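Me: I've got a model open on my screen and would like to talk it through. Can you take my questions one at a time?

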Amino acid sequence: MEPENHTGIPEFYLLGLSENPEIQSVLFGLFLSLYLVTVFGNLLIILAIVSDPKLHTPMYLFLSNLSFSDICFTSTTVPKMLLDIQTPSKLIITYAGCITQMYFFTVFGLLDNLLLTVMAYDRFVAICHPLHYTVLMNPKLCSQLLLLAWLISILGALPESLTALTLSFCAVVEIPHYFCELPEVLKLACSDTFINNVVLYIVTGIMGFFPLAGILFSYSQIVTSVLRISTVGGKYKAFSTCGSHLSVVSLFYGTCLGVYLSSIWTQASWAGVFASVLYTVVTPMMNPFIYSLRNRDMKRALNALLCSVPSSS
């Protein structure tokens, strides 16, 4: 069959997680619950930070942006999937919709990565240079770091999406996934994908290596600095200030590594889909719990926020 240009194929078919109606009902309830927990959990984090003047610090400014990014990251895939589960016919997404979903999915994935790097730098300055913290992490620098993270994410997602516009597809395009993930789309292209794969590896390599290197460097300096503290209580207090962030970093990079390894070690589509669920749904949902359960200031702010709701009504 001769490949057609994508302009002749207005829509793709998403195969979703299961075609079994009974399983789909269970999946709908499960993912709706996970999505609502993710949105309201991260929204509570943002509202608690905004409402508590004591949390108007660089660390919580970055955390509020991370929570907003997590809401957007999950919202690029889950609402569409929930709508598709309720649709009796095949799960359809237009070509333009597929490219748009891939772009914003990449934007907020990169933003999460960069915000975690910025937060690691914030912890590095707080622990290794506590006397100069307020000078080094001034409002101007924090705003510049946030602006830079957003700008890099928006521009960094463009090469993959723009090169995807050059792809041609055969008559039937069925994506064995619940959203348009670029590697899956590339497998279905009838045209040469060499350039697309090169761009994908370059962007993934740069946006994966440098932020991770920044995080590892920050924590190597933090560990070195903490080990110089003479008292056990002092060491515990220093480590406790970055425990939540370290947990989120481990969860984020652990699930991303799982997706990468599943794509290399197995050709089974279910393995890649399961790994994708972990980092698109589970990780953003867990972040509010990690920060609220491990952080006394956040727990106090959340309690104050929740207690103020009945009195204000």
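Me: Among contacts in the chain between residues at least 6 apart in sequence, what percentage join residues at least 24 apart?

Reply: This is a predicted model, where local features need pLDDT of at least 70, side-chain atom pairs count only at pLDDT 80 or more, and totals for chains, interfaces and linings use all residues. Residues are numbered from 1 along each chain as its sequence is written, and side-chain values use heavy atoms, leaving out hydrogens and water. A contact means heavy atoms within 4.5 Å. For pairs at least 6 apart in sequence, the share joining residues at least 24 apart is 79%.

Me: Is Asp-70 buried or exposed?

Reply: Asp-70 sits in helix α2, residues 58-75. Buried means under 20% relative accessible area, exposed over 50%, and partly exposed in between, with a 1.4 Å probe and protein chains only. Asp-70 has 1% relative accessibility, so it counts as buried.

Me: Which side chain makes a polar contact with the side chain of Asp-70?

Reply: Leaving aside neighbours within four places in sequence, Asp-70 is in contact with Asn-42, Asp-112, Pro-284 and Asn-287. A polar contact is a pair of N or O atoms within 3.5 Å; within protein, one must be able to donate a hydrogen and the other to accept it, and residues adjacent in sequence count only if both atoms are side-chain atoms. At 2.7 Å, the partner is the side chain of Asn-287.

Me: How much of the chain counts as buried?

Reply: The chain has 313 residues. By the cut-off above, the buried share is 47%.

Note on methods. Helices (H or I, at least four residues) and strands (E, at least two) are DSSP runs, numbered from the N terminus.
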